[in-house]
Amino acid sequence: MTITFADLTTMRVGGPVGRLRVPETTPQLVEILRESRGSDDPLLVMGGGSNLVVGDIGWHGTVVKVASSEFDIQGDQVTAAAGAVWDDVVSASLDEGLAGLEALSGIPGSAGGTPVQNVGAFGTVTADVLESLTVYDRQTDCLERWSPDRCGFGSHRQSVFKRSGRWVVVDVTFRLRRASQSRSIEYVDLAKKLDIEVGGTAPPSDVRDAVLELRRSRGMVLDPEDHDTWSVGSFFVNPVLTHVPDSAAGCPRYFDVKGTKLPAAWLIEHAGFPRGYGREWGNGTVALSSRHALAVTNRGGATAADVMKFAAHVRDGVEAHFGIRLGPECDLVNCSF
Ligand SMILES: Cc1cc2nc3c(=O)[nH]c(=O)nc-3n(C[C@H](O)[C@H](O)[C@H](O)COP(=O)(O)OP(=O)(O)OC[C@H]3O[C@@H](n4cnc5c(N)ncnc54)[C@H](O)[C@@H]3O)c2cc1C
(Lines give C-alpha, C1' and ligand atoms only; values in the text may rest on other atoms or scores of the structure.)
Protein backbone atom coordinates (compact mmCIF):
# COMPACT_ATOMS: atom_id res chain seq x y z
CA MET A 1 0.00 0.00 0.00
CA THR A 2 1.34 3.44 -0.90
CA ILE A 3 1.78 5.72 2.08
CA THR A 4 0.93 9.35 1.44
CA PHE A 5 1.30 12.56 3.43
CA ALA A 6 -2.46 12.53 3.79
CA ASP A 7 -1.81 9.56 6.13
CA LEU A 8 1.02 11.30 8.02
CA THR A 9 -0.12 14.89 8.53
CA THR A 10 -2.93 16.53 10.46
CA MET A 11 -4.05 18.52 7.40
CA ARG A 12 -4.49 15.12 5.74
CA VAL A 13 -3.38 16.17 2.28
CA GLY A 14 -0.32 15.41 0.18
CA GLY A 15 1.04 12.83 -2.21
CA PRO A 16 3.14 9.69 -1.87
CA VAL A 17 6.16 9.12 0.34
CA GLY A 18 9.21 7.75 -1.50
CA ARG A 19 10.66 5.69 1.33
CA LEU A 20 9.45 5.88 4.93
CA ARG A 21 11.79 5.30 7.89
CA VAL A 22 10.37 5.35 11.42
CA PRO A 23 13.21 5.27 14.02
CA GLU A 24 11.86 4.30 17.43
CA THR A 25 14.97 5.10 19.44
CA THR A 26 17.51 7.91 19.41
CA PRO A 27 20.39 5.64 18.28
CA GLN A 28 18.22 4.44 15.37
CA LEU A 29 17.46 8.04 14.41
CA VAL A 30 21.14 9.02 14.46
CA GLU A 31 22.08 5.93 12.45
CA ILE A 32 19.53 6.76 9.74
CA LEU A 33 20.73 10.37 9.62
CA ARG A 34 24.36 9.19 9.32
CA GLU A 35 23.48 6.78 6.50
CA SER A 36 21.71 9.56 4.64
CA ARG A 37 24.82 11.76 4.47
CA GLY A 38 26.49 9.93 1.64
CA SER A 39 23.31 9.53 -0.38
CA ASP A 40 21.77 11.64 -3.16
CA ASP A 41 18.35 10.68 -1.87
CA PRO A 42 16.72 13.86 -0.47
CA LEU A 43 15.72 13.59 3.19
CA LEU A 44 12.69 15.03 4.94
CA VAL A 45 12.53 14.80 8.75
CA MET A 46 9.15 15.07 10.41
CA GLY A 47 7.46 14.42 13.75
CA GLY A 48 3.70 14.47 14.17
CA GLY A 49 3.02 16.21 10.85
CA SER A 50 0.99 18.89 12.60
CA ASN A 51 2.79 21.85 11.10
CA LEU A 52 3.52 20.46 7.67
CA VAL A 53 1.73 20.60 4.32
CA VAL A 54 3.28 18.57 1.51
CA GLY A 55 2.21 18.95 -2.12
CA ASP A 56 0.24 16.42 -4.11
CA ILE A 57 3.43 15.22 -5.80
CA GLY A 58 4.64 14.08 -2.36
CA TRP A 59 8.33 13.54 -1.62
CA HIS A 60 10.33 11.21 -3.84
CA GLY A 61 13.19 10.75 -1.36
CA THR A 62 13.31 9.38 2.17
CA VAL A 63 10.98 10.59 4.89
CA VAL A 64 12.15 10.07 8.48
CA LYS A 65 9.16 10.11 10.79
CA VAL A 66 10.82 10.44 14.19
CA ALA A 67 9.16 8.11 16.70
CA SER A 68 11.79 7.91 19.46
CA SER A 69 9.34 8.29 22.29
CA GLU A 70 11.31 7.94 25.54
CA PHE A 71 11.48 10.72 28.11
CA ASP A 72 13.01 11.04 31.54
CA ILE A 73 12.37 13.34 34.49
CA GLN A 74 15.34 14.13 36.78
CA GLY A 75 14.97 16.75 39.49
CA ASP A 76 13.30 19.75 37.91
CA GLN A 77 14.24 18.83 34.33
CA VAL A 78 12.50 16.70 31.75
CA THR A 79 14.44 15.36 28.77
CA ALA A 80 12.39 14.02 25.89
CA ALA A 81 13.53 12.23 22.74
CA ALA A 82 12.54 14.15 19.62
CA GLY A 83 9.73 11.75 18.72
CA ALA A 84 7.99 11.82 22.12
CA VAL A 85 4.38 12.92 21.86
CA TRP A 86 4.44 16.48 23.13
CA ASP A 87 1.29 16.34 25.21
CA ASP A 88 2.48 13.13 26.94
CA VAL A 89 5.58 15.05 28.05
CA VAL A 90 3.45 17.93 29.35
CA SER A 91 1.08 15.63 31.20
CA ALA A 92 3.87 13.50 32.76
CA SER A 93 5.78 16.57 33.97
CA LEU A 94 2.64 17.90 35.68
CA ASP A 95 2.00 14.49 37.27
CA GLU A 96 5.53 14.73 38.75
CA GLY A 97 4.64 18.07 40.39
CA LEU A 98 6.61 20.15 37.87
CA ALA A 99 5.17 23.44 36.67
CA GLY A 100 6.12 25.23 33.45
CA LEU A 101 4.59 23.39 30.51
CA GLU A 102 0.91 23.64 31.50
CA ALA A 103 0.09 26.49 29.07
CA LEU A 104 1.44 24.34 26.22
CA SER A 105 -1.06 21.53 26.92
CA GLY A 106 -2.90 20.00 24.00
CA ILE A 107 -0.54 21.17 21.26
CA PRO A 108 -0.19 18.33 18.76
CA GLY A 109 3.10 17.00 17.48
CA SER A 110 6.43 15.88 18.85
CA ALA A 111 8.82 17.21 21.49
CA GLY A 112 11.43 17.66 18.74
CA GLY A 113 9.02 19.88 16.81
CA THR A 114 8.68 22.40 19.65
CA PRO A 115 11.99 24.27 19.20
CA VAL A 116 11.64 24.24 15.38
CA GLN A 117 8.62 26.49 15.59
CA ASN A 118 9.36 27.92 19.05
CA VAL A 119 5.90 26.60 19.80
CA GLY A 120 3.75 28.76 21.99
CA ALA A 121 0.32 29.26 23.49
CA PHE A 122 -1.37 31.34 26.19
CA GLY A 123 1.71 33.45 26.87
CA THR A 124 4.35 30.67 27.10
CA VAL A 125 6.81 29.84 24.30
CA THR A 126 9.29 26.96 24.12
CA ALA A 127 12.22 29.36 24.51
CA ASP A 128 10.94 30.32 28.00
CA VAL A 129 11.40 26.80 29.37
CA LEU A 130 14.08 25.25 27.16
CA GLU A 131 17.26 24.31 29.04
CA SER A 132 19.23 22.66 26.21
CA LEU A 133 18.86 20.30 23.28
CA THR A 134 20.87 17.72 21.38
CA VAL A 135 21.24 18.43 17.69
CA TYR A 136 22.65 16.24 14.93
CA ASP A 137 24.55 18.30 12.38
CA ARG A 138 24.15 16.62 8.99
CA GLN A 139 26.98 18.72 7.56
CA THR A 140 29.67 17.77 10.11
CA ASP A 141 28.23 14.43 11.29
CA CYS A 142 28.45 15.66 14.91
CA LEU A 143 26.03 15.38 17.80
CA GLU A 144 26.14 18.64 19.74
CA ARG A 145 24.60 19.89 22.97
CA TRP A 146 23.16 23.35 22.36
CA SER A 147 21.98 26.04 24.74
CA PRO A 148 18.84 27.97 23.72
CA ASP A 149 20.86 31.02 22.62
CA ARG A 150 22.10 29.09 19.58
CA CYS A 151 18.58 28.33 18.39
CA GLY A 152 17.87 31.70 16.77
CA PHE A 153 14.63 32.26 18.64
CA GLY A 154 13.63 35.83 18.04
CA SER A 155 10.64 37.10 16.24
CA HIS A 156 7.41 35.11 16.27
CA ARG A 157 7.83 31.36 15.53
CA GLN A 158 11.41 31.63 14.28
CA SER A 159 14.39 29.34 14.87
CA VAL A 160 17.51 28.22 13.00
CA PHE A 161 15.93 24.78 12.58
CA LYS A 162 13.08 25.98 10.38
CA ARG A 163 13.70 24.71 6.85
CA SER A 164 17.44 24.35 7.61
CA GLY A 165 17.93 20.80 6.32
CA ARG A 166 21.19 20.79 8.30
CA TRP A 167 20.27 20.35 11.96
CA VAL A 168 17.99 17.66 13.31
CA VAL A 169 16.75 17.91 16.89
CA VAL A 170 17.49 14.61 18.64
CA ASP A 171 16.31 15.40 22.16
CA VAL A 172 15.11 18.37 24.16
CA THR A 173 15.53 19.26 27.87
CA PHE A 174 13.14 21.59 29.67
CA ARG A 175 13.90 23.38 32.94
CA LEU A 176 10.73 23.38 35.08
CA ARG A 177 9.83 24.37 38.65
CA ARG A 178 8.67 22.18 41.50
CA ALA A 179 5.77 24.43 42.42
CA SER A 180 2.14 24.26 43.44
CA GLN A 181 1.21 27.41 41.50
CA SER A 182 1.65 28.42 37.87
CA ARG A 183 3.42 31.58 36.83
CA SER A 184 1.14 34.59 36.55
CA ILE A 185 -1.60 34.20 33.96
CA GLU A 186 -1.58 37.24 31.68
CA TYR A 187 -3.95 35.86 29.04
CA VAL A 188 -7.43 37.29 29.60
CA ASP A 189 -9.52 34.32 28.37
CA LEU A 190 -7.43 31.87 30.40
CA ALA A 191 -7.72 33.97 33.58
CA LYS A 192 -11.49 34.15 33.03
CA LYS A 193 -11.75 30.39 32.56
CA LEU A 194 -9.77 29.88 35.80
CA ASP A 195 -11.91 32.45 37.57
CA ILE A 196 -8.89 34.48 38.64
CA GLU A 197 -7.70 38.03 37.95
CA VAL A 198 -5.27 38.61 35.09
CA GLY A 199 -1.84 38.40 36.72
CA GLY A 200 -3.02 35.80 39.26
CA THR A 201 -1.79 32.20 39.56
CA ALA A 202 -3.47 28.79 39.80
CA PRO A 203 -2.48 25.14 40.36
CA PRO A 204 -0.71 23.99 37.18
CA SER A 205 -3.10 21.05 36.67
CA ASP A 206 -6.05 23.48 36.78
CA VAL A 207 -4.29 25.60 34.17
CA ARG A 208 -3.87 22.50 31.99
CA ASP A 209 -7.58 21.65 32.28
CA ALA A 210 -8.59 25.23 31.45
CA VAL A 211 -6.19 25.38 28.50
CA LEU A 212 -7.54 22.10 27.11
CA GLU A 213 -11.11 23.33 27.48
CA LEU A 214 -10.34 26.60 25.71
CA ARG A 215 -8.41 24.82 22.97
CA ARG A 216 -11.26 22.34 22.38
CA SER A 217 -13.74 25.19 22.09
CA ARG A 218 -11.51 26.63 19.34
CA GLY A 219 -10.99 23.35 17.48
CA MET A 220 -7.34 23.28 18.55
CA VAL A 221 -7.18 19.77 20.01
CA LEU A 222 -6.91 16.99 17.44
CA ASP A 223 -10.09 14.98 17.01
CA PRO A 224 -10.49 12.70 13.97
CA GLU A 225 -14.27 13.25 14.03
CA ASP A 226 -13.95 17.03 14.00
CA HIS A 227 -13.00 18.61 10.65
CA ASP A 228 -12.19 21.91 12.36
CA THR A 229 -9.08 20.12 13.67
CA TRP A 230 -7.97 18.78 10.27
CA SER A 231 -5.50 21.61 10.02
CA VAL A 232 -2.03 22.78 10.97
CA GLY A 233 -3.42 24.99 13.74
CA SER A 234 -2.64 28.55 12.73
CA PHE A 235 -2.08 28.47 8.99
CA PHE A 236 -0.90 32.09 8.67
CA VAL A 237 1.74 33.78 10.78
CA ASN A 238 0.87 36.94 12.72
CA PRO A 239 2.53 39.72 10.67
CA VAL A 240 5.19 41.87 12.37
CA LEU A 241 5.36 45.35 10.84
CA THR A 242 7.60 48.36 11.32
CA HIS A 243 4.71 50.54 10.18
CA VAL A 244 1.03 49.71 10.69
CA PRO A 245 -1.01 51.10 7.78
CA ASP A 246 -4.01 53.37 8.54
CA SER A 247 -6.26 50.70 7.02
CA ALA A 248 -5.48 48.49 10.08
CA ALA A 249 -5.88 51.28 12.67
CA GLY A 250 -8.54 49.30 14.60
CA CYS A 251 -6.46 46.11 14.84
CA PRO A 252 -5.10 45.04 18.25
CA ARG A 253 -1.30 45.47 18.45
CA TYR A 254 1.35 43.55 20.39
CA PHE A 255 5.03 44.21 21.00
CA ASP A 256 7.54 42.14 19.03
CA VAL A 257 11.33 42.49 19.02
CA LYS A 258 11.13 43.35 15.30
CA GLY A 259 8.20 45.77 15.40
CA THR A 260 4.44 45.59 15.97
CA LYS A 261 2.70 42.24 15.80
CA LEU A 262 -0.87 42.12 14.51
CA PRO A 263 -3.19 39.13 14.99
CA ALA A 264 -3.69 37.54 11.56
CA ALA A 265 -7.06 36.12 12.72
CA TRP A 266 -8.39 39.67 13.26
CA LEU A 267 -7.15 40.77 9.81
CA ILE A 268 -8.75 37.73 8.16
CA GLU A 269 -12.12 38.20 9.87
CA HIS A 270 -12.16 41.97 9.20
CA ALA A 271 -11.23 41.46 5.55
CA GLY A 272 -14.52 39.62 5.05
CA PHE A 273 -13.57 36.02 5.86
CA PRO A 274 -15.58 34.99 8.94
CA ARG A 275 -15.09 31.70 10.78
CA GLY A 276 -16.40 28.85 8.64
CA TYR A 277 -15.87 30.89 5.47
CA GLY A 278 -15.46 28.94 2.27
CA ARG A 279 -17.98 26.14 2.51
CA GLU A 280 -19.48 27.37 -0.77
CA TRP A 281 -16.07 28.31 -2.18
CA GLY A 282 -14.33 26.09 -4.70
CA ASN A 283 -15.38 22.47 -4.43
CA GLY A 284 -16.26 22.57 -0.72
CA THR A 285 -13.30 20.52 0.48
CA VAL A 286 -11.53 23.40 2.23
CA ALA A 287 -12.80 26.17 4.53
CA LEU A 288 -11.76 28.26 7.51
CA SER A 289 -12.47 26.49 10.79
CA SER A 290 -15.92 27.29 12.13
CA ARG A 291 -14.24 28.13 15.49
CA HIS A 292 -11.02 29.91 14.50
CA ALA A 293 -10.41 32.16 11.49
CA LEU A 294 -6.68 31.39 11.45
CA ALA A 295 -7.12 27.68 10.76
CA VAL A 296 -7.51 26.54 7.16
CA THR A 297 -9.22 23.16 7.40
CA ASN A 298 -9.77 20.08 5.27
CA ARG A 299 -13.50 19.33 5.22
CA GLY A 300 -12.79 15.90 3.72
CA GLY A 301 -11.29 14.95 0.36
CA ALA A 302 -9.14 18.07 -0.02
CA THR A 303 -5.92 18.01 -2.02
CA ALA A 304 -2.86 20.10 -1.23
CA ALA A 305 -3.71 22.12 -4.37
CA ASP A 306 -7.17 22.91 -2.91
CA VAL A 307 -5.52 24.11 0.31
CA MET A 308 -3.00 26.29 -1.55
CA LYS A 309 -5.69 27.83 -3.77
CA PHE A 310 -7.87 28.64 -0.77
CA ALA A 311 -4.95 30.05 1.25
CA ALA A 312 -3.99 32.30 -1.68
CA HIS A 313 -7.59 33.49 -1.92
CA VAL A 314 -7.64 34.48 1.78
CA ARG A 315 -4.15 36.03 1.63
CA ASP A 316 -5.10 38.11 -1.44
CA GLY A 317 -8.35 39.25 0.18
CA VAL A 318 -6.50 40.43 3.29
CA GLU A 319 -3.90 42.20 1.14
CA ALA A 320 -6.58 43.94 -0.94
CA HIS A 321 -8.33 45.10 2.25
CA PHE A 322 -5.40 46.13 4.45
CA GLY A 323 -2.31 46.23 2.22
CA ILE A 324 -0.78 43.57 4.52
CA ARG A 325 0.42 40.30 2.99
CA LEU A 326 0.11 37.21 5.17
CA GLY A 327 2.64 34.39 4.94
CA PRO A 328 2.42 30.78 6.10
CA GLU A 329 3.19 29.77 9.68
CA CYS A 330 3.38 26.10 8.71
CA ASP A 331 6.12 24.45 6.66
CA LEU A 332 5.16 24.04 2.99
CA VAL A 333 7.04 21.32 1.13
CA ASN A 334 6.64 20.92 -2.63
CA CYS A 335 3.69 23.30 -2.58
CA SER A 336 3.23 27.05 -2.25
CA PHE A 337 0.60 29.76 -2.48
C1 LIG B 1 -5.04 21.50 15.90
C2 LIG B 1 -3.65 22.13 15.98
C3 LIG B 1 -3.35 23.06 16.97
C4 LIG B 1 -2.09 23.64 17.05
N5 LIG B 1 -1.85 24.56 18.03
C6 LIG B 1 -0.63 25.14 18.12
C7 LIG B 1 -0.35 26.10 19.15
O8 LIG B 1 -1.19 26.41 20.00
N9 LIG B 1 0.87 26.69 19.17
C10 LIG B 1 1.84 26.37 18.27
O11 LIG B 1 2.93 26.94 18.34
N12 LIG B 1 1.62 25.44 17.29
C13 LIG B 1 0.42 24.84 17.21
N14 LIG B 1 0.18 23.91 16.21
C15 LIG B 1 1.24 23.59 15.24
C16 LIG B 1 2.05 22.31 15.58
O17 LIG B 1 1.34 21.48 16.45
C18 LIG B 1 3.40 22.64 16.21
O19 LIG B 1 4.16 23.46 15.36
C20 LIG B 1 4.21 21.34 16.50
O21 LIG B 1 5.29 21.64 17.34
C22 LIG B 1 4.74 20.66 15.25
O23 LIG B 1 5.38 19.48 15.66
P24 LIG B 1 5.40 18.21 14.73
O25 LIG B 1 6.17 17.16 15.39
O26 LIG B 1 4.01 17.85 14.32
O27 LIG B 1 6.21 18.78 13.47
P28 LIG B 1 6.00 18.39 11.93
O29 LIG B 1 4.72 18.99 11.44
O30 LIG B 1 6.20 16.95 11.72
O31 LIG B 1 7.20 19.20 11.29
C32 LIG B 1 7.16 20.61 11.25
C33 LIG B 1 8.54 21.12 10.81
O34 LIG B 1 9.49 20.80 11.80
C35 LIG B 1 10.54 19.99 11.23
N36 LIG B 1 10.89 18.99 12.25
C37 LIG B 1 10.05 18.13 12.90
N38 LIG B 1 10.75 17.40 13.77
C39 LIG B 1 12.03 17.81 13.68
C40 LIG B 1 13.24 17.43 14.34
N41 LIG B 1 13.28 16.47 15.26
N42 LIG B 1 14.39 18.07 14.00
C43 LIG B 1 14.39 19.05 13.06
N44 LIG B 1 13.29 19.44 12.39
C45 LIG B 1 12.13 18.82 12.71
C46 LIG B 1 9.95 19.39 9.98
O47 LIG B 1 10.97 19.12 9.03
C48 LIG B 1 9.03 20.49 9.52
O49 LIG B 1 9.76 21.46 8.83
C50 LIG B 1 -1.09 23.30 16.11
C51 LIG B 1 -1.38 22.35 15.11
C52 LIG B 1 -2.64 21.77 15.05
C53 LIG B 1 -2.95 20.76 13.99
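This is a predicted model: local features need pLDDT of at least 70, side-chain atom pairs count only at pLDDT 80 or more; totals for chains, interfaces and linings use all residues.
Now zoom in on the ligand's oxygen atoms. At Gly47, a polar backbone atom sits 2.7 Å from an oxygen of the ligand. Gly48 does something along those lines too, with a polar backbone atom 2.8 Å from a ligand oxygen. Then there's Pro108, where a backbone N or O atom is 3.0 Å from an oxygen atom of the ligand. How much of the ligand does the protein bury? Taken alone, the ligand exposes 980 Å², and 94% of that is buried by the protein.

Step back and look at the whole chain. It splits into domain 1 (5–65), domain 2 (71–217) and domain 3 (227–333). If you follow domains 2 and 3, you'll find their C-alpha centres 25 Å apart. Nine residues of domain 2 and 12 residues of domain 3 make up the contact.

How big is that interface? The size of an interface is often given as the accessible area lost when the parts come together. Here, domain 2 and domain 3 bury about 760 Å² between them, with 37% of it on carbon and sulfur atoms.

What about polar and charged partners? Between domain 2 and domain 3 there are six residue pairs in polar contact. On the side of domain 2 that touches domain 3, you'll count no nonpolar residues, five polar and four charged. The two domains also share one salt bridge. And here Asp331 comes back: Arg163 forms a salt bridge with Asp331, and their closest N and O atoms are 2.9 Å apart.

Note on methods. Residues are numbered from 1 along each chain as its sequence is written. Side-chain values use heavy atoms; hydrogens and water are left out. Domain bounds come from an automatic or database domain assignment. Contact means heavy atoms within 4.5 Å. Buried area is the accessible area (1.4 Å probe) that two parts lose on being put together, summed over both. A salt bridge is a side-chain nitrogen of Lys or Arg within 4 Å of a carboxyl oxygen of Asp or Glu. A polar contact is a pair of N or O atoms within 3.5 Å; within protein, one must be able to donate a hydrogen and the other to accept it, and residues adjacent in sequence count only if both atoms are side-chain atoms. Ala, Val, Leu, Ile, Met, Phe, Trp, Tyr, Cys and Pro count as nonpolar, Asp, Glu, Lys and Arg as charged, and the others, Gly among them, as polar. Accessible areas come from the Shrake-Rupley method with a 1.4 Å probe; for residues, only the protein chains shown count as cover.
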